[in-house]
Amino acid sequence: TMDKNEFLIRLGKRIRFLRKQKNYSLFDLADKTSKDYNSISRVERGEINPSAYFLWEISQGLDVKIDELLKIENIV
């Protein structure tokens, strides 16, 4: 079973993967979510525990369903 830190790191990697699939820069995603660059960067690095609403905003910015963000089981 994974701990909180590992979960947040995997979540960040998943968000980064989905962002890069869309060819979005951190600035692009920040603009699409009305968040600042540093907030998005910190989520991708697993440094913060984003709220459910923040995850929803990211999913909207990436144009994916929120459950796509949480498919982290196979991420190392």
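Met2, Phe7 and Leu70 make a nonpolar surface patch of about 220 Å² in this predicted model. A patch here joins residues with over 30% relative accessible area and no salt bridge; nonpolar side chains (Val, Leu, Ile, Met, Phe, Trp, Tyr) are linked within 5 Å, and like charges within 9 Å. A salt bridge would be a side-chain nitrogen of Lys or Arg within 4 Å of a carboxyl oxygen of Asp or Glu. Accessible areas come from the Shrake-Rupley method with a 1.4 Å probe, and for residues only the protein chains shown count as cover.

Two notes on reading the model come next. Residues are numbered from 1 along each chain as its sequence is written, and side-chain values use heavy atoms, with hydrogens and water left out. Because the model is predicted, local features need pLDDT of at least 70 and side-chain atom pairs count only at pLDDT 80 or more, while totals for chains, interfaces and linings use all residues.

Start with Leu70. This residue is found in the segment after helix H5 (66-69). Helices are DSSP runs of H or I with at least four residues, strands are runs of E with at least two, and both are numbered from the N terminus. Leu70 has 38% relative accessibility and counts as partly exposed. That class lies between buried (under 20% relative accessible area) and exposed (over 50%).

From Leu70, step to Leu55. The two are 15 residues apart along the chain, and their C-alpha atoms are separated by 9.4 Å. Leu55 sits in helix H4. At 11% relative accessibility, Leu55 is buried. Leaving out residues up to four places away in sequence, Leu55 touches Leu11, Ile15, Pro50, Ile66, Leu69 and Leu70. Contact means heavy atoms within 4.5 Å.

Ile66, one of those partners, lies in helix H5. Its relative accessible area is 34%, so Ile66 is partly exposed. Beyond its neighbours within four places in sequence, Ile66 is in contact with Ala52, Leu55, Trp56 and Ser59. Val76 is ten residues from Ile66 in sequence, and 20 Å lies between their C-alpha atoms.

Now take helix H4 as a whole. Its buried residues are Phe54, Leu55, Glu57, Ile58, Ser59, Gly61 and Leu62. They pack against H1, H2, H3 and H5. Asp63 follows H4 and has a positive phi, near 60 degrees.

The largest nonpolar core has 16 residues, and Ile15, Ile40, Ile58, Leu62 and Leu69 have the most contacts inside it. H1, H2, H3 and H4 are the elements that give two or more residues to this core. H4 provides the largest share, four residues. A nonpolar core is a set of buried Ala, Val, Leu, Ile, Met, Phe, Trp, Tyr and Cys residues joined through side-chain atoms within 4.5 Å. In soluble globular proteins, nonpolar side chains tend to be buried together. Ile58 touches Ile15, Leu29, Thr33, Ile40, Val43 and Leu69, not counting residues up to four places away in sequence.

Finish at helix H3 (residues 37-44). Ser39, Ile40, Ser41, Val43 and Glu44 are buried there. Their cover includes helix H1 (4-21), helix H2 (26-33) and helix H4 (52-62). Ser41 has a relative accessible area of 9%. Its side chain joins that of Arg45 in a polar contact of 2.3 Å. Such a contact is a pair of N or O atoms within 3.5 Å; within protein, one must be able to donate a hydrogen and the other to accept it, and residues adjacent in sequence count only if both atoms are side-chain atoms. Just after H3, Gly46 takes a positive phi of about 75 degrees.

Conventions
Buried < 20%, exposed > 50% of the residue type's maximum accessible area, 1.4 Å probe, protein only.
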